[in-house]
Amino acid sequence: MGRFDFRPQRVHQTASQLFASERINHLPSWHEVIGTIPPAQTLVRTQPLQHQERSRRQRTTKPSKLFQPQRVVYEEDTLRKNFFGDHPWELARPRVVLENDGRDAERKDWSLVTQPDRPIDGESVIQRQMFLLHGNPAKGQTPDPQMTPAKAYDQARKEFYEMRLQQDIERRVAREEAMATGAYFGKTTLQIGMELEDKIFEEWKAWATAEVVREEQKRAAMYTGVDNDTAALPEGEQEVEAALGELDSAIPAKGQEALGGAAIRP
């Protein structure tokens, strides 16, 4: 039979040969219909998705790698990697995951980077860049034939920066208006962080100064012959320690023996 079984496709031919050889007395009821209207190929089981061609020289250690699924790659993934690689702090902004179901391009008009029902973020830049590259065929919007990924990225970034600048100006004006009417704002997170950093820096500065003085005293003691403990004392106390050292050297370690006189007292 070989590798593939083609018997289901030869049912009409087989039935005709059996009837011609008188192995069956009458033709089946479907014989004439199948001969007139053969089944379409779409009703036959389709071949499974073939894997990517691998080099014959490349040998796999495990046969199970043959059944691994295909790698799914989307164009948006490359654009996201490029944008968030240049703007990593955009990932730190709070975001509601449920606001995007992956089909925004079908319901929204990305001819503008801003949308009335969602805040602007990095995903807005991605969708805007996709619109500039491919347009929206469902709405009859065609892209510019001279548009390249680099030009689309630059244009989407420029529009994104303008909106971020506008938001910063609005927040600054709102703060000034609130302060003009008597509102009080505490320290910002940036100010609190700078104060903590200054505190740690002052502690390190005091420790570093003490370490430098100690190292200088050790270096001075190496050239003057004075031990480190004496070098660390003030000048007046160093003289007292030197005098005590001379006095200790003059006193013998044991008591002197008695010279003359009676050895035993009467």
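Reply: Leaving aside residues up to four places away in sequence, Pro-149 touches Gln-129 and Leu-133, where contact means heavy atoms within 4.5 Å. This is a predicted model, in which local features need pLDDT of at least 70 and side-chain atom pairs count only at pLDDT 80 or more, whereas totals for chains, interfaces and linings use all residues. Residues are numbered from 1 along each chain as its sequence is written, and side-chain values use heavy atoms, with hydrogens and water left out.

Pro-149 lies in helix H6; helices (H or I, at least four residues) and strands (E, at least two) are DSSP runs numbered from the N terminus. The chain as a whole has 9 helices and 0 strands.

A nonpolar core is a set of buried Ala, Val, Leu, Ile, Met, Phe, Trp, Tyr and Cys residues joined through side-chain atoms within 4.5 Å; buried means under 20% relative accessible area, exposed over 50%, and partly exposed in between (1.4 Å probe, protein chains only).

Phe-83, Phe-84, Phe-160 and Tyr-161 form one aromatic cluster. Within it, Phe-160 and Tyr-161 make a tilted pair, 6.1 Å centre to centre with 55° between the planes; rings of Phe, Tyr and Trp (its six-membered ring) pair if their centres lie within 6.5 Å, and planes under 30 degrees apart count as stacked, over 60 as edge-to-face and the rest as tilted. Phe-160 counts as buried because its relative accessibility is 2%, whereas Tyr-161, at 38%, counts as partly exposed.

The loop between helix H4 (104-107) and H5 holds Trp-110, which is buried at 2% relative accessibility. Trp-110 and Phe-131 are 21 residues apart in sequence, yet their C-alpha atoms are 6.2 Å apart. Lys-108 is also placed in the loop between H4 and H5, and its relative accessible area of 13% makes it buried. The side chain of Lys-108 makes a polar contact of 2.8 Å with that of Asp-117; such a contact is a pair of N or O atoms within 3.5 Å, one able to donate a hydrogen and the other to accept it within protein, and residues adjacent in sequence count only if both atoms are side-chain atoms.

Charged pairs complete the account. Arg-80 forms a salt bridge with Asp-77, with the closest N and O atoms 3.2 Å apart; the criterion is a side-chain nitrogen of Lys or Arg within 4 Å of a carboxyl oxygen of Asp or Glu. Both residues lie in helix H3, 3 residues apart, about one turn of the helix. Arg-80 is partly exposed at 27% relative accessibility, and Asp-77 is partly exposed at 38%. Salt bridges link Asp-77, Arg-80 and Glu-123 in a network. Asp-121 and Arg-118 form another salt bridge, at 3.3 Å between the closest N and O atoms; here Asp-121 is buried at 12%, and Arg-118 is buried at 7%.
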